[in-house]
Amino acid sequence: MTAAVFFGCTFIAFGPAISLFVFTIAREPLRVIFLIAGAFFWLVSLLLSSLVWFISVQISNKESVAQQKGLLIFGVVLSVLLQEAFRFAYYKLLKKANEGLLALSQEETMPISIRQLAYVSGLGFGFMSGAFSVVNILADSVGPGTVGIHGDSQHYFLSSAFMTMAIILLHMFWGVVFFDACEKRQWLAVAAVVITHLVVSCLTFQNPNYFGSLIPTYIILFIMGTWAFYAAGGSLRNLKLCLTCKDKDFLLANHRPR
């Protein structure tokens, strides 16, 4: 039973993201490099936020429950803000890198478009975020022990897997919307990405009321997915063509940089 829980939750959490990686990124070495670089930037943001939170805990009153709860909220907010700051820094770096690649390339177009960079970097952020969110939970799911034996929710592992999947996909959508907003200098859209990221992160404080955190998260996931689709140049017409397999160029794997 523990093996079934482990593999089931792993496939739920990482299945969609791994499928996207295999079909749209793995065949292109340049995309793989940018994905790994995006994961590294997320990791650095986590390191900085963890360092600040650790120092804050050490100098605080550890016997004060209210103070420790406040520090936990502070740590979540700081982590989100640092992630988005590093997303912006990565955007600026990719712009410079793309200009350099264009200068070295013999072609007139960029080797990889800014929309592809947004998608790839967002997926890199999501992979690393998902790994740190659920890896310890998956390790515990192997056993020994029985979930809910002391009256706790039996949906802990399953809920964590669905939340991780949502976070990974949200990072991908946030990346597309964020980069597009920076390109068009639409700072309200950038603020919307930061605010929705804060909301989703703070929703986890609703646990173990999993419905109170998962349902709003998936509503935000749907909204951001729709926004990212249109920000990437999508429309109902080319979505219909894609679903009916009549527009091969609509797929990112065959997308030509513009």
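1. Which residues of the largest nonpolar core touch the most other members? In this predicted model, they are Phe 14, Phe 34, Tyr 119, Leu 123, Leu 170, Phe 173 and Met 224, out of 55 core residues. Such a core is a set of buried Ala, Val, Leu, Ile, Met, Phe, Trp, Tyr and Cys residues joined through side-chain atoms within 4.5 Å; buried means under 20% relative accessible area, exposed over 50% (1.4 Å probe, protein chains only).

2. Two or more residues come from each of helix 1 (2-24), helix 2 (29-59), helix 3 (65-104), helix 4 (114-141), helix 5 (156-184), helix 6 (187-203) and helix 7 (210-231). Helix 5 contributes the most, 18 residues. Helices are DSSP runs (H or I, at least four residues), numbered from the N terminus.

3. Beyond its neighbours within four places in sequence, Leu 123 has contacts (heavy atoms within 4.5 Å) that include Ala 17, Phe 21, Leu 35 and Met 172.

4. Helix 7 has 22 residues and spans 31 Å between its first and last C-alpha, close to the 32 Å expected (1.5 Å times one less than its number of residues). Its buried residues, among them Leu 214, Leu 221 and Met 224, line one face because they fall within an arc of 145 degrees seen down the axis, taken from the directions from the helix axis to the C-beta atoms. They pack against helix 4, helix 5 and helix 6, whereas the face turned away carries the exposed Phe 211 and Phe 222.

5. Numbering runs from 1 along each chain as its sequence is written, and side-chain values use heavy atoms, without hydrogens or water. Local features need pLDDT of at least 70 and side-chain atom pairs count only at pLDDT 80 or more, whereas totals for chains, interfaces and linings use all residues.
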